[in-house]
Amino acid sequence: MKSLSQRNMKIVIAAQGVLLLGAAGVIHSQQTTTQRFPQFDNEDVKVWRSIVLPNQPLTMHRHDHPRVIIPLRGGTMKIVDSAGATEVHQWDAGKAYWLPANPPNTSHADVNGGTEPIEVMVVELEKEK
């Protein structure tokens with residue numbers, strides 16, 4: 001795992017605190033489709049909330065920058081790359097997880113491997129590679 005600079009670590013810690021406090025007040029409606037909701041964007045970070053329903057993966061995409069995943073509702077997320085290789089992640093609500101930038105010329109889909117929705121806040125570090 002690549003270590004973060006002290007500045008970026010402060011950004012991540014601050015974002016985690018804000019996101020977790022904000023998440024405590026979120027009222028969940030009946031979600032019928034997997035969706036991504038932009039939250040915040042500047043030159044340092046891009047933040048979004050994703051809700052991934054069982055059997056409704058996010059479309060193939062890629063991340064040019066590393067990111068911190070903060071599950072609001074945890075579960076088993078499968079990250080399936082375009083060649084079919086799968087990484088399985090067990091994400092517990094309220095914890096933080098590190099995912100590196102995707103290798104060049106690759107893409108992946110996020111697949112909820114459980115029976116309940118997974119909801120995460122994602123903090124992508126725009127200046128890291």
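**Figure 1. A salt bridge between Glu119 and Arg49.** In this predicted model, the side chains of Glu119 and Arg49 come together in a salt bridge, with N and O 2.8 Å apart. The term means a side-chain nitrogen of Lys or Arg within 4 Å of a carboxyl oxygen of Asp or Glu. Glu119 sits in strand β8 and Arg49 in strand β2, so this pair ties together parts that lie 70 residues apart in sequence. Both partners, Glu119 and Arg49, are buried; buried means under 20% relative accessible area, exposed means over 50%, and partly exposed falls in between (1.4 Å probe, protein chains only). Residues are numbered from 1 along each chain as its sequence is written, and side-chain values use heavy atoms, with hydrogens and water left out. Because this is a predicted model, local features need pLDDT of at least 70 and side-chain atom pairs count only at pLDDT 80 or more, while totals for chains, interfaces and linings use all residues.

Figure 2. Glu43 belongs to the loop between β1 (35-41) and β2, and Lys127 to the segment after β8, so the bridge ties together parts 84 residues apart in sequence. Glu43 is exposed at 59% relative accessibility, whereas Lys127 is partly exposed at 47%.

**Figure 3. Lys95 with Asp92.** This salt bridge joins the side chains of Lys95 and Asp92, with N to O at 3.9 Å. Lys95 is partly exposed, at 47% relative accessibility; Asp92 is partly exposed too, at 34%. The count for the model comes to six salt bridges.

**Figure 4. The largest nonpolar core.** Eleven residues make up this core, among them Trp48, Val52, Leu58, Met77, Trp91 and Ile118. A nonpolar core is a set of buried Ala, Val, Leu, Ile, Met, Phe, Trp, Tyr and Cys residues joined through side-chain atoms within 4.5 Å. Strands β2 (45-52), β4 (75-81) and β8 (118-125) each supply at least two of the core residues, and β8 gives the most, with three. Zoom in on Val52 and you will find that it touches Thr34, Leu58, Met77, Asp110, Asn112, Pro117 and Ile118, leaving aside residues up to four places away in sequence. Contact means heavy atoms within 4.5 Å. A second, separate core has eight residues, including Val68, Ile70, Leu72 and Leu125.

**Figure 5. Thr32 in the loop between α1 and β1.** Thr32 is found in the loop between α1 (6-24) and β1, and Thr32 is exposed, with a relative accessible area of 62%. Its contacts are Leu53 and Gln56, not counting residues up to four places away in sequence. Thr32 and Leu53 are 21 residues apart in sequence, and their C-alpha atoms are 7.9 Å apart in space.

**Figure 6. The setting of these views in the whole chain.** The protein chain has one helix and eight strands, running α-β-β-β-β-β-β-β-β from the N terminus on. These elements are DSSP runs numbered from the N terminus: helices are H or I, at least four residues, and strands are E, at least two. Of the 129 residues, 40% count as buried. Among contacts with a separation of 6 or more, 72% come from residues 24 or more positions apart.
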